[in-house]
Structure formats: C-alpha cells, structure tokens
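Visitor: I'm new to reading protein models. Could you walk me through this one?

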Amino acid sequence: MSVNGVRPLHFCDVTVGGELWPVFGWAIDTDDGTILVDTGMIDSTPSLDAEWGPVLRPWPELGDVIAVVNTHLHFDHCGGNRRFAGTPTYVQRTELEAAVEPDYLVEWVHFNGESYVEVDGDAQLFDGVSVLFTPGHSAGHQAVVVETGDGLVVLGGDVTYSMRELIDGATPSILRVHRLRPRRVYLAHHERPWEPEYS
C-alpha cells in the first residue's frame, strides 16, 4: 500500500462556550482506497442539539473506504461510524472499554455491523500508517501518524484543543508527538495545521 496524500474533511461544527468550533477528520488516500480517520457526525439528537448546537455539513466524497481509524469515541468523532458497518475500525482497547454513559453516546459507538479492531498502544496499521497512544483527553486517545513524501504528518484528533499547547509541548502525550519531529500536525478543531521548523 502506498500513501498518496492526506485530506482534511470538515464534517460539522459544534458550539463550545458560545463559539462555533469546526470538527475535522481526515482521508488518507492510498493506492488501495481511503483510510478514514474519524467520522464526524451524520445526524444529531435533541440532547446534543441543546448542549452543542451542531451544524452538519455535506458529507465529503471519500471514494472506497477500506478502513476507519477513530482517534477516540466521543460523539463528534465517531458519529459517522454507522455508515461504515462491516469496515475494519481501529480503536484503542482502552477507549472501547471507556465508552460508557454518560460521557459517551453509546448508541453511536455500538451498532449493528460494528467491526472494531482493538489496538493496544502504539501500532503499525498499514504501510506508512501507524497509531501513537496519546491518552489524556480520553483514556484511550490515539493520534494517527502518516508517512508522506513531504515527511511525517500527524493527525492529532483531540490530543489538545489548543494550538498553543501543541506548540509548547504542554502534556506528555503532546511531547510524544514532538519526538516524532513531524512535518505537519493537525488538530480536530483547527483548520490550519502546525508546521514546526527544526534547526
């Protein structure tokens, strides 16, 4: 399998503290098809509408999705998993075990045809695509590391909400990302990635 590129996907927006935050996932384009990282939201519930005011965006063109990777299983990152019943969906075992009410929307995690592949810690999933265990935001959070012709790209999910924390290396999990010396790091709620410069 050869990685051809990474595309940000703007799935939806949620309201946090009166401010509209984008929710991004990513498509990793390969010769064999698309690896989808996080699945955003495809619908909502009255309780989510009341608390988060989600705005759904048109579903992106993805091509043939051969695998899904969830950075974690919060509603805005796994709400579209149901579209991919039967598709191998990689998630940390710790995260799947933690996915219970009230912190998780369990009916979006568990559904007919779910096909979770449990991962324990760092793991190589495909040629050029691996996961980095980055707990903190959730018990089993993972970032996705992609080897591209332009260098390493890290799809950081919610390793932090804050670009400043990301740049400063504010937590042990963020420092794990820094040690990779990536070319580019994306966060789920920021449009622009961090592109560090190394001396």
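Visitor: In which loop does Pro-102 lie?

Guide: Keep in mind that this is a predicted model. Most peptide bonds are trans. As for the place, Pro-102 lies in the loop between helix H3 (93–98) and helix H4 (106–109).

Visitor: Okay, and is Asp-38 buried or exposed?

Guide: Look in the loop between strand E3 (33–37) and helix H1 (46–52), where Asp-38 sits. Its phi is near 65°, a positive value in a residue other than glycine. Buried means under 20% relative accessible area. Asp-38 has 1%, so it counts as buried.

Visitor: What does Arg-181 count as, given its relative accessibility?

Guide: Arg-181 is in the loop between helix H6 (172–179) and strand E12 (184–186). Phi is positive here too, near 50°. Arg-181 has 48% relative accessibility, so the label is partly exposed.

Visitor: Zooming out, what radius of gyration does the protein chain have?

Guide: The chain has 6 helices and 12 strands, and its C-alpha atoms fill a box of roughly 50 × 40 × 30 Å along the principal axes. A compact globule with 199 residues would have a radius of gyration near 16 Å. The protein chain agrees with that, because its own value is 16 Å.

Visitor: And how far apart are the mean positions of the positive and negative charges?

Guide: The protein chain has 12 positive and 30 negative charges.

How values were computed:
Residues are numbered from 1 along each chain as its sequence is written. This is a predicted model: local features need pLDDT of at least 70, side-chain atom pairs count only at pLDDT 80 or more; totals for chains, interfaces and linings use all residues. Side-chain values use heavy atoms; hydrogens and water are left out. Helices (H or I, at least four residues) and strands (E, at least two) are DSSP runs, numbered from the N terminus. The radius of gyration is taken over C-alpha atoms; the globule rule is 2.2 Å times the number of residues to the power 0.38. Lys and Arg count as positive and Asp and Glu as negative; His and the chain ends are not counted. The place of a charge is taken as NZ of Lys, CZ of Arg, CG of Asp or CD of Glu. Buried means under 20% relative accessible area, exposed over 50%, partly exposed in between (1.4 Å probe, protein chains only).
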